[in-house]
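I opened this notebook to record what I looked up in the structure. The entries follow in the order in which I made them.

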Amino acid sequence: MRELILAALMDKIGQYVSGQQLSEALGCTRAAVWKHIQALKEDGYRVDAVPRLGYCLRVVPDIVEPYFIKQLLETRQLGREIQHVPVLDSTNQRAKMLAEHGAPNGMLVLAEEQTNGRGRMGKSWASAKGKGVWMSLVLRPTITPADAQKITMMAAVAMAQAIEKECGIRPGIKWPNDILIGTRKVCGILTEMNTSVDEVRYCIVGTGVNVNHDAGDFPPELEQVATSLKMECGHEVSRTPLIVSYLNALEPLLEKFIETREFSSVLALYRPYSVTLGRDVHITGPGLDLEGTALYFDDEGMLVVLGRNGRRERVFSGEVHVRGLLGQ
């Protein structure tokens with residue numbers, strides 16, 4: 001109902017639309033229309049109300065609005081169903097709940113603020129209200145659990161392309177999932193799966209992007225390692241086009257891989273963004289403590305490292321520290 005009312009007001013922005021016309025067109029009471037108008041006002045829309053004239057939309061705020069996303073999307077499935085919530089503990093947690101209850105492939109969960117956002121390795125993610133893009137996708141790909149890393153790398157490529165397109169800044173990717181501008185992090189991606197023995201029931205791809213943060217918006221522990229698109233561009237960045245560009249870039253990568261199982265074309269896009277290859281790295285994880293030089297990505301997207309002992313090691317996952325980046 002909200003989207004239908006917003007669409008009617010947007011269609012005649014700057015003009016009055018009577019409450020009676022809206023209620024008749026939408027098959028609801030005028031009281032219901034009024035309730036949704038009030039909700040739009042609370043979200044920052046400026047809607048004038050004049051007796052006998054109706055409602056007039058004057059100002060559209062920069063909030064992540066499903067109506068505008070759907071108008072701009074070129075996808076067939078990604079983002080065609082959206083749940084937008086002002087405040088969530090975690091978009092990934094909400095997406096998992098929806099997936100368990102049958103949410104379709106491509107459903108997108110968006111929040112203006114997260115109170116318990118998470119990154120990889122259980123780390124917290126600062127998710128300020130209205131400052132960034134906090135979103136999670138429900139995916140139901142026909143892949144094996146071993147392919148999860150490839151989904152993460154596809155998402156990283158899609159976000160890097162979206163940032164480059166919408167901001168005119170070329171970011172870098174720290175393998176496998178961090179998007180950097182210069183030496184500081186602007187975006188993180190967290191992929192979680194629900195699997196059986198040999199198949200994936202669903203994947204949740206969570207993405208957090210620092211969009212319009214100022215330097216003082218980051219907690220002290222992140223001030224030297226985090227940045228935002230606004231800080232790098234020197235001006236505010238509209239979040240909706242960024243989301244749209246990301247989804248439009250990601251869908252064809254996913255579809256081609258699921259259909260052909262061919263990953264070399266993704267790697268060809270991923271490598272030029274890499275800020276990991278050729279650098280000294282220290283990778284830690286369960287049973288893993290490896291120092292060496294990052295050489296290349298193999299055909300499966302694993303990182304091949306030349307260890308200090310002269311042996312080449314293939315790394316599937318882990319906490320990657322790259323010398324010279326993120327204060328390391």
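I began with K174, which lies in strand β7 (residues 172–174); strands are DSSP E runs of at least two residues and helices H or I runs of at least four, numbered from the N terminus. The model is predicted, so local features need pLDDT of at least 70 and side-chain atom pairs pLDDT 80 or more, while totals for chains, interfaces and linings use all residues. Residues are numbered from 1 along each chain as its sequence is written, and side-chain values use heavy atoms, without hydrogens or water.

Is K174 buried or exposed? I found K174 buried, because its relative accessible area is 5% (buried is under 20%, exposed over 50%, partly exposed in between, with a 1.4 Å probe and protein chains only). The K174 side chain reaches the backbone oxygen of V320 at 2.8 Å. Among the residues that K174 touches are L180, Y270, T276 and L325 (contact means heavy atoms within 4.5 Å).

After α6 comes G168, with a positive phi near 70°.

Last, I looked up helices α1 (residues 2–11) and α3 (residues 30–42), whose axes come within 10 Å and cross at roughly 80°. That makes α1 roughly perpendicular to α3 (65 to 115 degrees). In this contact, R2, I5, L6 and L9 of α1 meet V33, H36, I37, A39 and L40 of α3.

How values were computed. Axes are lines fitted to C-alpha atoms, for helices over the stretch in contact, and angles run from 0 to 180 degrees between N-to-C directions. Angles under 35 degrees count as roughly parallel, over 145 as roughly antiparallel, 65 to 115 as roughly perpendicular and the rest as oblique. A polar contact is a pair of N or O atoms within 3.5 Å; within protein, one must be able to donate a hydrogen and the other to accept it, and residues adjacent in sequence count only if both atoms are side-chain atoms. Lists of a residue's contacts leave out its neighbours within four places in sequence.
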